[in-house]
Amino acid sequence: MANSESHEAIAYLLRRMAIYERRQNALKKYLRNLKYEIDCISSKLNRDSWQEEFQQLAFEIEQIKEYLEINSSFSSNLDSGVSLEFSGESSDKSDDFNNLDSNFLKTMSKYSDDSNSQDIDFNQDLESSQISNVSFSTSDTDFKAERILLILKLYSQLELELSSQLEDNLALDLDSIDDEEYFQEEDRGELYTTDNFLHLYEQGERNFTGFNLANINLYKTEFIELSLRKANLQGGNLREIQCNDQDWQEINLKGADLYRASLYGTNLAGANLEKANLSEADLAFTNLNKANLKWANLKETNLENANLSDSNLTEASMFKTNLINTNLSNANLTNANLMKADLKSTNLSNANLTDANLTKANLRSNHNLEGACFEGTIFYQAIYDENTRFPVGFQPKDAYLICPKASLLLADLSHGDLVGVDLREADLKEANLDYANLSQANLRGANLSQCDLNYCDLREACLAESNLSQANLSHGKLTGASLKNANLTNANLQLAELAGADLTGANLTGANLENTDLTGATLKEASIDSESLRKANLMGAVMPDGSVFIV
């Protein structure tokens with residue numbers, strides 16, 4: 001029976017020692033944080049504020065010293081050979097001691113995010129009633145009891161040494177403490193405020209690797225050099241921040257606001273950008289390999305030439321996102337919204353686009369689609385050309401093939417990016433090309449009759465011999481365009497810009513030229529109503545009879 005009770009006592013004391021060790025770790029961390037707090041206080045300009053802060057710190061230090069004096073007294077009693085009883089009055093004293101430990105660690109825990117320094121419930125120890133009959137005295141020859149007393153004596157010495165070290169450390173010149181030793185790992189978990197961070201940056205600090213900067217406000221700030229590798233900026237305000245070509249690998253930007261941020265060329269490999277707002281941000285040439293962009297807002301973001309290989313873009317919003325020459329190989333784009341996204345020459349090899357929305361997306365010249373998964377992908381009114389290479393046997397449904405002699409009757413290509421496309425002899429009758437960009441496009445001989453071309457950009461486009469009868473070209477931009485021998489009968493050219501355009505031999509019978517800009521245009525041999533010409537701006541234009549119009 002006595003043997004069993006001895007085992008229980010040993011187990012109890014070992015548990016107590018483990019708790020004391022945790023308390024020592026909390027003390028060490030507390031001292032390190034005292035240094036940090038004093039450094040922050042010393043940077044303040046308000047002298048009264050200094051005094052208040054130091055008074056608070058002094059009060060907390062006195063609490064620690066009082067605590068250590070109590071512990072030292074307790075350990076000294078054990079060292080003097082007093083018998084250890086777990087019954088009656090001593091049980092009450094044990095409870096008092098537990099309460100003291102608990103209150104102390106509650107104070108310590110506010111200076112640490114380490115799980116080992118959280119509040120400790122000493123009441124989870126063995127009930128004193130379980131070993132209420134155990135007694136040890138100097139006459140006891142039991143070997144295990146002697147070992148217990150030896151352990152307690154050693155611990156008493158450690159407690160006294162700790163107390164001595166605490167007083168010595170508090171007397172040190174705090175500026176002489178090695179920051180690398182005290183803050184290398186643990187204090188990176190401490191939360192730095194915006195003021196703390198900016199103060200350190202102004203003092204010349206550039207490496208904030210692993211810092212906790214959650215919810216920081218860096219709105220419209222500019223940084224020439226700033227390493228945030230593995231730093232935590234979750235929920236931060238980084239709207240319109242400028243920080244290009246930096247090392248931000250494995251940074252945590254979950255839920256952060258980076259609207260219109262400029263991070264050109266920055267290394268964000270392995271970054272967590274889940275639910276982050278990156279709309280209209282400049283991320284060209286960035287490295288986002290294996291980044292988490294789940295649910296991220298990438299509306300109208302510039303990701304040209306960026307590396308997003310192996311990234312997670314599940315359910316990301318990528319409306320009108322610039323993905324020209326972007327590497328999306330092996331990326332997960334499940335349920336992503338890529339409406340009107342520009343995917344010209346994008347690498348989508350082995351990418352997962354299951355149920356993604358590519359409505360009106362631009363896939364021209366995209367020859368890196370091998371192995372991509374398009375199960376359930378929506379291609380409604382997306383455009384591609386003869387250089388686009390879909391996986392073998394796959395053809396996008398409801399998409400438009402842009403190529404010579406293409407059949408695009410009634411096609412909706414409004415707002416489309418069709419710069420420089422080759423649509424020679426294509427059938428675009430009654431197609432909608434409002435606001436489309438067809439600058440420098442080749443439309444020679446194309447059928448554009450009854451087309452809607454409101455505000456369409458056709459600058460320097462070739463429309464020679466094309467059929468534009470009854471087409472609506474109001475507010476269109478045709479500066480420098482070639483319209484030789486084009487059919488423009490009954491076309492609407494009201495407020496259109498045709499400065500410098502070549503309309504040699506064009507048929508403009510019945511065309512509406514009200515407020516049309518024909519400055520410097522060539523109308524030689526064109527068929528045109530004289531009444532219509534009077535409504536246009538003809539300054540410097542070559543008239544049908546070969547003369548130059550001069551006011």
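Guide: Happy to. Buried means under 20% relative accessible area, exposed means over 50%, and partly exposed is in between, using a 1.4 Å probe and protein chains only. C456, at 1% relative accessibility, therefore counts as buried. A word on the ground rules: this is a predicted model, where local features need pLDDT of at least 70, side-chain atom pairs count only at pLDDT 80 or more, and totals for chains, interfaces and linings use all residues. Residues are numbered from 1 along each chain as its sequence is written, and side-chain values use heavy atoms, with hydrogens and water left out.

Visitor: How much of the protein is buried?

Guide: Buried residues account for 46% of the 551 residues. Accessible areas come from the Shrake-Rupley method with a 1.4 Å probe, and for residues only the protein chains shown count as cover. The protein exposes about 26,600 Å², and carbon and sulfur atoms supply 44% of that.

Visitor: And how do I read the secondary structure?

Guide: Helices (H or I, at least four residues) and strands (E, at least two) are DSSP runs, numbered from the N terminus. Here you get 7 helices and 4 strands, in the order α-α-β-α-β-α-α-α-β-β-α along the sequence.

Visitor: Which residues have the most contacts inside the largest nonpolar core?

Guide: First the idea: a nonpolar core is a set of buried Ala, Val, Leu, Ile, Met, Phe, Trp, Tyr and Cys residues joined through side-chain atoms within 4.5 Å. The largest one has 64 residues, and W248, L253, L258, L333 and L353 have the most contacts inside it. For contacts in general, the rule is heavy atoms within 4.5 Å. Leaving out neighbours within four places in sequence, L333 is in contact with L313, M318, L328, L338, L348, A351, N352, L353, T354 and A356. Apart from that core lies another, of 55 residues, including A406, A426, L468 and L523.

Visitor: What about contacts between residues 24 or more positions apart?

Guide: Those make up 16% of the contacts with a separation of 6 or more. For a local picture, take L428, in the loop between β4 (400–402) and α7 (530–534). L428 is buried, with a relative accessible area of 0%. Not counting residues up to four places away in sequence, L428 touches L408, L413, L423, L443, N447, L448 and C451. L428 and N467 are 39 residues apart in sequence, with their C-alpha atoms 9.7 Å apart in space. T266 is another one to click on: it sits in the loop between α6 and β3 and counts as buried at 0% relative accessibility.

Visitor: Now the rings. How do I tell one kind of aromatic pair from another?

Guide: Rings of Phe, Tyr and Trp (its six-membered ring) pair if their centres lie within 6.5 Å; planes under 30 degrees apart count as stacked, over 60 as edge-to-face and the rest as tilted. The whole structure has 14 aromatic pairs. Y192 and F211 have ring centres 4.6 Å apart and planes at 40 degrees, so that pair is tilted. Y192 lies in the loop between α5 (179–183) and α6 (194–202) and F211 in the loop between α6 and β3 (383–385), so the pair ties together parts that are 19 residues apart in sequence. Both Y192 and F211 are buried. For Y384 and F390, the centres are 5.4 Å apart and the planes at 80 degrees, so that pair is edge-to-face.

Visitor: Which residues form one aromatic cluster?

Guide: Y192, F197, Y201, F208, F211 and F223 do. There's a charge to look at as well: one sits over a ring if NZ of Lys or CZ of Arg is within 6 Å of the ring centre and within 35 degrees of the ring normal. The charged end of R206 sits over the ring of Y201, 3.8 Å from its centre.

Visitor: Last one: what should I look for in the backbone?

Guide: Most residues other than glycine have a negative phi. E280 has a positive phi of about 60 degrees although it is not a glycine, and S345 has a positive phi of about 60 degrees as well. E280 is in the loop between α6 and β3, and S345 is found in the loop between α6 and β3 too. E280 counts as partly exposed at 33% relative accessibility, and S345 counts as partly exposed at 26%.
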